[in-house]
Amino acid sequence: MRVVSGIQPTGNLHLGNYLGAIRNWVRMQDEMGDGHQCLFFLADLHAISMPHDPAELRKGTLEMAAALVACGIDPQRSVLFNQAQVPQHAELQWLLGGTARMGWLNRMTQWKDKAGKNREGQSVALFTYPVLQAADVLLYQATHVPVGEDQKQHLELARDIAQKFNNDFASEEAPVFTLPDPIVPPQAARIMSLRNGAAKMSKSDPSDMSRINLADDPDEVMKKIKKAKTDPEPLPSEEKGLEDRPEALNLVTIYAALTDGSVEGVLKDFGGEGFGKFKPALGELLVETLRPISARFTELLEDREALDAILARGAAQAREIAVPTLDATYEALGLVRG
């Protein structure tokens, strides 16, 4: 079993990032037995499909690498790298471009959403983004790819490209590509803004009080939780009592996610209590959870040499795995390479 997954290299990481994809990756790594492998990559090549600030991309890539390691991704057990250090991703994307079809790409929902009405003004990279996603997983003969609802269509496209390539250029007995199966991760907690329970926690929110950053110190965490927007009512004893109380639901959801419990379980313990008791308990739980992550995160960001070494080692491992697939693809296409 070989699992491959990528993440956008955004900076200014917050609690929502941790309780979403990152914690699931760590658990996936920890549950892998001998003979199985996880490859996790920072999708910096994907990032240039949209307007971007080069300095911010560089900074975000390093911050995401530091965050993944700080949160528990072990470079000794998983392969952690950024795409730009493995040129085989871009090479395979071009080779697969002869197999992918315009009609397939035109149907991609994310293309329609991101391009909006100004399709003519979008980059070619935004349109061909799903072909690079296909290359990302087919390059490593991935057997499984974690996907959320928004990525299922892209994995289906990767399977279509792999199947058509195998049909056109390989034999049934010796296919070039493995068709990866989806892994639907456990439902991640949906973490909302501390200032507005109807909006997701986001680094783009102008108010730093709206989010818990992975780099926040204990005092900042406690301050933000105590000042988080709530309502005057005590916590109910059952989940249905949180209907139309989005800020209260958000804080209870965060507590449940941190303890691997349920909203019902938290309300069983705190039902009838006011936020004067619940907020300090949540703050202390957050501080204890994030303390080692924050310390390791800061330590890695201050040691650029160690961070570069982690990414370089991971990239070398990734290239070693990728080369045989890329060679087989060139050979199948009849391209002369000397």
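Is S193 buried or exposed, and what is its relative accessible area? S193 is buried, with a relative accessible area of 1%; buried stands for under 20% relative accessible area, exposed for over 50%, and partly exposed for values in between, computed with a 1.4 Å probe on protein chains only.

## Basis of the report

The model is predicted: local features need pLDDT of at least 70, side-chain atom pairs count only at pLDDT 80 or more, and totals for chains, interfaces and linings use all residues. Residues are numbered from 1 along each chain as its sequence is written, and side-chain values use heavy atoms, with hydrogens and water left out.

## Overall form

The chain contains 13 helices and five strands. Helices (H or I, at least four residues) and strands (E, at least two) are DSSP runs, numbered from the N terminus. Along the principal axes, the C-alpha atoms of the chain fill a box of roughly 70 × 45 × 40 Å.

A compact globule of 338 residues would have a radius of gyration near 20 Å, and the value of 22 Å for the chain agrees with this. The radius is taken over C-alpha atoms, and the globule rule is 2.2 Å times the number of residues to the power 0.38. Of the 338 residues, 47% count as buried. Among contacts (heavy atoms within 4.5 Å) with a separation of 6 or more, 75% come from residues 24 or more positions apart.

## The loop between β5 and α9

S193 is placed in the loop between β5 and α9. Leaving aside neighbours within four places in sequence, S193 is in contact with A199, K200, M201, D205, S210 and N250. A polar atom of the S193 side chain lies 3.2 Å from the backbone nitrogen of N196.

N213 is also found in the loop between β5 (181-183) and α9 (218-226). N213 counts as buried because its relative accessibility is 6%. The side chains of N213 and R211 are joined by a polar contact of 3.4 Å. A polar contact is a pair of N or O atoms within 3.5 Å; within protein, one must be able to donate a hydrogen and the other to accept it, and residues adjacent in sequence count only if both atoms are side-chain atoms. Not counting residues up to four places away in sequence, N213 touches N12, L13, H14, D208 and K224.

## Aromatic rings

How many aromatic pairs does a search of the whole structure find? The search finds ten aromatic pairs. Rings of Phe, Tyr and Trp (its six-membered ring) pair if their centres lie within 6.5 Å; planes under 30 degrees apart count as stacked, over 60 as edge-to-face and the rest as tilted. One of the pairs is W111 with F127: the ring centres are 5.0 Å apart and the planes stand at 75°, so the pair is edge-to-face. This pair links distant parts of the chain, as W111 belongs to helix α6 (residues 109-115) and F127 to helix α7 (residues 124-138), 16 residues apart. W111 is buried at 8% relative accessibility, and F127 is buried at 12%.

F275 and F278 form an edge-to-face pair, with 6.5 Å centre to centre and 75° between the planes. These residues are three residues apart in helix α12 (residues 275-301), so about one helical turn separates them. F275 is buried at 10%, and F278 is buried at 0%. Y255, F270, F275 and F278 form one aromatic cluster.

Charged side chains also lie over rings. A charge sits over a ring if NZ of Lys or CZ of Arg is within 6 Å of the ring centre and within 35 degrees of the ring normal. K114 lies over the face of Y129, at 5.2 Å from the ring centre, and R337 lies over the face of Y330, at 3.7 Å from the ring centre.

## Helix α11 and E264

E264 is located in helix α11 (residues 263-270). With a relative accessible area of 38%, E264 is partly exposed. Leaving aside neighbours within four places in sequence, E264 is in contact with S237, E238 and E239. A polar atom of the E264 side chain lies 3.3 Å from the backbone nitrogen of E239. E264 and E299 are 35 residues apart along the chain, and 37 Å separates their C-alpha atoms.

## Cysteines

The whole structure has zero disulfides, a disulfide being a pair of cysteine sulfur atoms within 2.5 Å. C38 is buried at 2% relative accessibility, and C71 is buried at 9%.
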